[in-house]
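Here are a few friendly notes to read alongside the model. Please keep the sequence and the 3D view open as you go.

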Amino acid sequence: MRPAIDHVIPWLYLYSDYLWNLVYSHQTCNSSKSNVIPSETTIQRLEEKNSS
């Protein structure tokens, strides 16, 4: 397993390298996600993580 940094909201939709949009991921998971926008639940978890 190789680590990767994933843009939660893909660059295709939001060109942002800010830390709030980045998470650690497995390279395989990151590649398979591609440019898919995450679910509302995932975005809410990201918001909670970043407000702490």
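The points below go from the whole chain to single residues.

1. **What you are looking at.** This is a predicted model, in which local features need pLDDT of at least 70, side-chain atom pairs count only at pLDDT 80 or more, and totals for chains, interfaces and linings use all residues. Residues are numbered from 1 along each chain as its sequence is written, and side-chain values use heavy atoms, with hydrogens and water left out.

2. **Overall fold.** The protein chain has 2 helices and 2 strands, and their order along the sequence is β-β-α-α. Helices (H or I, at least four residues) and strands (E, at least two) are DSSP runs, numbered from the N terminus.

3. **Size.** The C-alpha trace spans about 30 × 20 × 20 Å along its principal axes.

4. **Surface and contacts.** Buried residues make up 25% of the 52 residues, where buried means under 20% relative accessible area, exposed over 50%, and partly exposed in between. Of the contacts (heavy atoms within 4.5 Å) with a separation of 6 or more, 43% join residues 24 or more positions apart.

5. **H7.** Is H7 buried or exposed? Its relative accessibility is 18%, so H7 counts as buried. You can find H7 in strand β1 (residues 3-7). Leaving out residues up to four places away in sequence, H7 touches S16, D17, N21, L22 and K33.

6. **S31.** Helix α1 (residues 27-33) holds S31, which is exposed at a relative accessible area of 56%. S31 and A4 are 27 residues apart along the chain, and their C-alpha atoms are separated by 9.3 Å.

7. **I43 and a nonpolar patch.** I43 lies in helix α2 (residues 40-51) and counts as partly exposed because its relative accessibility is 32%. Together with L12, Y13, L14, Y18, W20 and I37, I43 makes a nonpolar surface patch of about 710 Å². Patch residues have over 30% relative accessible area and no salt bridge; like charges are joined within 9 Å, and nonpolar side chains (Val, Leu, Ile, Met, Phe, Trp, Tyr) within 5 Å. A salt bridge is a side-chain nitrogen of Lys or Arg within 4 Å of a carboxyl oxygen of Asp or Glu.

How values were computed
Accessible areas come from the Shrake-Rupley method with a 1.4 Å probe; for residues, only the protein chains shown count as cover. Buried means under 20% relative accessible area, exposed over 50%, partly exposed in between (1.4 Å probe, protein chains only).
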